[in-house]
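Take a look at the fold below.

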Amino acid sequence: MKKLDAKRLRGWAARGTLLAAGVLAAYPLSPLAAQDTLPVGYGTLKRDDIAVRFATGQVEIQILPLDEQVIRLLATDTYASLRDLIKTKRGDIEDQAQRAGVRHPTLMLVTFFGDVPQARFIPEDVNLVSRGRLFRPAGIVPLSPVWGSQQLEAHQQAVAIYLFEEGISFREQLTVSYEGLTSDSWSRAARLLDQERARVLARAQVKQNP
């Protein structure tokens, strides 16, 4: 597999945030992640700080985990919009999970952005490798009307929530692949998340014990 050349990745924050604010939805979120009891409202990271991004020549791709232990480390308004998105699509996500036989799916927000006219994309070709295990999409919940055409005009985007089986670790190396290209950029995001996790706990401690 060839390493990804992540170029021409422009304005993801502006394009992605506007769409996410209007569409996010998913599984019911527990008050606290089972093994990571992070308080809400103390994160400061931006989506672009942690999203995996790369370009294929035809499309640009952005992949953002929707796991609570990840999105609680994002800025408060970003966390709220993503959480609302998940709630909005709760029924569709549960439907896809039931069909796939996945009890507690791992959710990812995937965006394809057209770089050229009539750019083709293959939704099912987004795969992950975590802890040496390959994860293929167990289900996809489209958020954009153009998703079904699998074709984009230049500057057009298509967004969906992907469901994967349990077992993906966001605190370790995570490799994303698409059409023979791979990206290991999550390792940098994992370091940023670890640093922000410590800051969030410290901020919460200060507020509780002024």
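A residue counts as buried when its relative accessible area is under 20%. Keep that cut-off in mind. The model is predicted.

Start with helix H6, residues 186-208. The helix has 23 residues. From its first C-alpha to its last, H6 reaches 32 Å, close to the 33 Å expected at 1.5 Å a residue. Its buried residues are Trp186, Ala189, Ala190, Leu193, Glu196, Arg197, Val200 and Ala204. What do they pack against? The partners are helix H2 (47-50), helix H3 (68-71) and the strands E2 (52-55), E3 (59-65) and E11 (174-178).

Glu196 lies in H6. Is Glu196 buried or exposed? Its relative accessibility is 1%, so Glu196 counts as buried. Neighbours within four places in sequence aside, Glu196 is in contact with Tyr42, Gly43, Thr44, Leu45, Leu73 and Arg203.

Now move to the core. In soluble globular proteins, nonpolar side chains tend to be buried together. Here the largest nonpolar core has 55 residues. Those with the most contacts inside this core are Ile50, Leu109, Phe112, Ile161, Tyr162 and Trp186. Strand E10 (residues 157-164) supplies the largest share of the core, 7 residues.

Residues up to four places away in sequence are not counted here.

The aromatic rings come next. The structure holds 7 aromatic pairs. How are the rings of Phe112 and Phe121 arranged? Their centres are 4.7 Å apart and their planes lie at 25°. Planes under 30 degrees apart count as stacked, so this pair is stacked. Both partners are shielded by the cut-off given above. Phe112 has a relative accessible area of 0%, so Phe112 is buried. Phe121 is at 1%, and is buried as well. Ring pairs also link Phe112 and Phe121 with Trp147, Tyr162, Phe164 and Tyr178 into a cluster.

Finish at helix H4, residues 76-88. Ile86 is found there. Its relative accessibility is 0%, so Ile86 counts as buried. Where is Leu109 relative to Ile86? The two are 23 residues apart along the chain, and their C-alpha atoms are separated by 9.9 Å. Leu109 is one of the residues with the most contacts inside the largest nonpolar core.

Key. Residues are numbered from 1 along each chain as its sequence is written. This is a predicted model: local features need pLDDT of at least 70, side-chain atom pairs count only at pLDDT 80 or more; totals for chains, interfaces and linings use all residues. Side-chain values use heavy atoms; hydrogens and water are left out. Helices (H or I, at least four residues) and strands (E, at least two) are DSSP runs, numbered from the N terminus. The expected span of a helix is 1.5 Å times one less than its number of residues. Buried means under 20% relative accessible area, exposed over 50%, partly exposed in between (1.4 Å probe, protein chains only). Contact means heavy atoms within 4.5 Å. A nonpolar core is a set of buried Ala, Val, Leu, Ile, Met, Phe, Trp, Tyr and Cys residues joined through side-chain atoms within 4.5 Å. Rings of Phe, Tyr and Trp (its six-membered ring) pair if their centres lie within 6.5 Å; planes under 30 degrees apart count as stacked, over 60 as edge-to-face and the rest as tilted.
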